[in-house]
Amino acid sequence: MELERADAVALYERYLACCNERRFDQLGDFVSEAVSGSGPVDGLAAYVDGVRDVCTGFPDYRWEVQDVVVEGGTIAARLVGRGTHTGAFSGVAATGRKVEVQELVVYRITDGRIDRCWGDLFPVLRDALTTPGRVTC
């Protein structure tokens, strides 16, 4: 499905607002029930759990778009994420550390919803928490 750049960017900005505002119950407006590629388990429920896990570990976490590339039905985005690690995340107990990380994520959009997602946020955040001197802010 070909997406006009302006439509794709607007869709993505609404999706990120939903994430940043913690409206997890509305992610299905942007993400397909059969989404895959975002983790070891596919499907909308697993996708929502992944976003929720980030926000549980980093309650003040926010995603900020730096660059968006749209090609056909694909969106590639470079994001900066910032937050404070005050809850458990990916097996790492709360450290109180403030983090600022770059994330690269690629989405395939079908029928107006994300149906494939490939990103590097979880390993990037884990690395930021477990590598001395790696954390910014």
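Mentor: Helices (H or I, at least four residues) and strands (E, at least two) are DSSP runs, numbered from the N terminus. The model is predicted: local features need pLDDT of at least 70, side-chain atom pairs count only at pLDDT 80 or more, and totals for chains, interfaces and linings use all residues. Residues are numbered from 1 along each chain as its sequence is written, and side-chain values use heavy atoms, with hydrogens and water left out.

Trainee: Where is H85 found?

Mentor: H85 sits in the loop between β3 and β4.

Trainee: Why does H85 count as buried?

Mentor: Buried means under 20% relative accessible area, exposed over 50%, partly exposed in between (1.4 Å probe, protein chains only). H85 has 0% relative accessibility, so H85 counts as buried.

Trainee: What does the side chain of H85 reach?

Mentor: The backbone oxygen of V92, at 3.4 Å. A polar contact is a pair of N or O atoms within 3.5 Å; within protein, one must be able to donate a hydrogen and the other to accept it, and residues adjacent in sequence count only if both atoms are side-chain atoms.

Trainee: What makes β3 and β4 partners?

Mentor: Two strands pair if DSSP finds at least two bridges between them. Here 11 bridges join β3 (residues 74-84) to β4 (residues 98-110), and the two run antiparallel. One of the bridges links T84 to K98 in β4.

Trainee: In what order do the five strands form the open sheet?

Mentor: β1-β5-β4-β3-β2, with mixed pairing. β1 (31-36) and β2 (62-71) each have a single partner strand, so one side of each is left without a neighbour in the sheet.
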